[in-house]
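Trainee: Before we talk, could you put the model up, so that I can ask about it piece by piece?

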Amino acid sequence: MPADWWARDDLHRAADGRLIFAGKDVEALARAHDRPLFVYGAGRIRANLARLRGALEATGCAHRIHYAMKCNRFAPLLELLAAEGARGGAVGIDICSPDELDLALACGFRAADISFTGTSVANRDLDRLLAHPDLHINCDSLGQIRRIGERRPGRAIGIRVNPGFGTGYGDSARLTYAGARTTKFGIYREQWAEALDLAARHGLRITAIHFHVGCGYLSDQLDAWDQAVGAAAGFLADLPDATTVNVGGGLGVPHRAGDAPLDLARWSAIVARHFGGRQLTVAVEPGDYLVKDAGLLLLSVVGVERKRDTTFVAVDGGFNLHPEPAHYDLPCEPVACALREPDPARWQPVTVAGNINEALDLWAEDHRMPPLEEGDRIALINAGGYGSAMSSNHCMRGAFVEMLV
Ligand SMILES: Cc1ncc(COP(=O)(O)O)c(C=O)c1O
């Protein structure tokens, strides 16, 4: 497997081995900030958006892309996406809390281009959301339908259904939101009659179904995704007012050497087979697919030390800055920003450890890297999604800088 399996046009090594991202020398970016730095590439985000848009065009369906804000809420990144939408690019945003709504509006999205898909929604949340008549709300529980009906009879709503099938990166159960294990997400088939009855009782018009069945799926998971889409499509039969089907997010990016990029042609063929010719708008709600591989987290090496049979590379940022690798086993591969040894055959296995007092705070174990020294910089790839957004101030080590280049 090539050491630089992640390399592509905008992320690669120059002839002298230095890491280049979005046309910039990554180590120079890191040295300009003496603390952990998330750097996001605008060009890569636009390229990801264009690729997905192309795949949706291939379905022949009307379509929209609603970026899932929970993935990364850095304001310049949101403004970039809002500008894409304003240019007629059918780009909206999906939010999951009232504060995210305020941020989306502040970053340039109109309420009509915003959808809400949240869970465990309090009445105080609903009151803030319902103040925006153009906001589209997907309900994921019977109680949410009832409480919206009581507050705004006659309103249009969407329903997040749980088709009972799902998938996620590497078939991971933790990343699968619908399937054998009962999850909190969406309304199940067994609840469907009651959902329809509640909506009818309050005159609510169900204009959309929504399903999001897992995170990070790649081509190997597309058969399972196809099955989930088929089961979700079955709910449409009872919805004469439906204008939109939202197929959720979950489209994955390669995380490990050996992961192939998601086959978007196969993905769009599944969408076309289930929804083509139905006069529906197909909405898709990606977070990771747009921004994950467009971000690096840059850290400094604070020490290199052999303990028993392991070489530890200690760095100045821990899992609290990007909890996904620790919680979901979605690795952010550490990459040296400059090469002291160009021949990967001579690299040695190391464990890259963060600065949090938790045993699980390891970025990588048994990971081959070139020789590193105190003061060197490393980049964690695939840090653009669920990093800064999920970060915490654990051990009061939550400080970082973000930039869009
Ligand atoms: C309802 C919903 N939509 C979209 C997403 C975005 O998922 P991803 O970043 O995997 O595309 C999520 C993430 O959990 C979600 O819960």
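**Reading the model residue by residue**

Mentor: Let us begin with Tyr386, which is buried, since 25 other C-beta atoms lie within 10 Å of its own. Please keep in mind throughout that this is a predicted model.

Trainee: In which loop is Tyr386 found, and what is its phi?

Mentor: Tyr386 sits in the loop that runs between strand S19 (377-380) and strand S20 (401-404). Most residues other than glycine have a negative phi. Tyr386 is not a glycine, and yet its phi is positive, at about 60 degrees.

Trainee: With which residues is Ile95 in contact, if neighbours within four places in sequence are left aside?

Mentor: Ile95 is part of strand S6 (residues 91-95). Ile95 is buried, because 27 other C-beta atoms lie within 10 Å. Once the neighbours within four places in sequence are set aside, the contacts of Ile95 are Met69, Glu100, Leu101, Ala104, Ile114 and Phe116.

Trainee: Turning to helix H9 (residues 264-275), what span does it reach from its first C-alpha to its last, and which residue with a positive phi follows it?

Mentor: Helix H9 has 12 residues, and at 1.5 Å a residue a span of 16 Å is expected. The distance from its first C-alpha to its last is close to that, at 16 Å. H9 is followed by a residue whose phi is positive, near 75 degrees, and this residue is Gly277.

Trainee: Why do the buried residues of H9 line one face of the helix, and which elements do they pack against?

Mentor: The buried residues in H9 are Trp267, Ser268, Val271, His274 and Phe275. Seen down the axis of H9, they fall within an arc of 130 degrees, so they line one face of the helix. What these buried residues pack against is helix H2 (42-59), helix H8 (222-233), strand S12 (244-246) and strand S13 (281-284).

Trainee: How many residues does each domain give to the contact between domain 1 and domain 2?

Mentor: The domain assignment gives domain 1 as 11-41 + 293-404 and domain 2 as 43-291. Taken over C-alpha atoms, the centres of the two are separated by 32 Å. The side of domain 1 that touches domain 2 divides into 9 nonpolar, 6 polar and 3 charged residues. As for the contact itself, domain 1 gives 18 residues and domain 2 gives 23 residues.

Trainee: Finally, which of the 17 residues around the ligand come nearest?

Mentor: The shell around the ligand divides into 6 nonpolar, 7 polar and 4 charged residues. Of the 17 residues around the ligand, those that come nearest are Ala68, Cys215, Gly249, Gly287 and Asp288.

Conventions
Residues are numbered from 1 along each chain as its sequence is written. This is a predicted model: local features need pLDDT of at least 70, side-chain atom pairs count only at pLDDT 80 or more; totals for chains, interfaces and linings use all residues. A residue is near a molecule or strand if its C-beta atom, placed from the backbone, lies within 6 Å of it. Ala, Val, Leu, Ile, Met, Phe, Trp, Tyr, Cys and Pro count as nonpolar, Asp, Glu, Lys and Arg as charged, and the others, Gly among them, as polar. Helices (H or I, at least four residues) and strands (E, at least two) are DSSP runs, numbered from the N terminus. The expected span of a helix is 1.5 Å times one less than its number of residues. A residue is buried if 20 or more other C-beta atoms lie within 10 Å of its own, exposed if 12 or fewer, and partly exposed in between; C-beta atoms are placed from the backbone. The arc is that of the directions from the helix axis to the C-beta atoms. Two residues are in contact if their C-beta atoms, placed from the backbone, lie within 7 Å. Domain bounds come from an automatic or database domain assignment.
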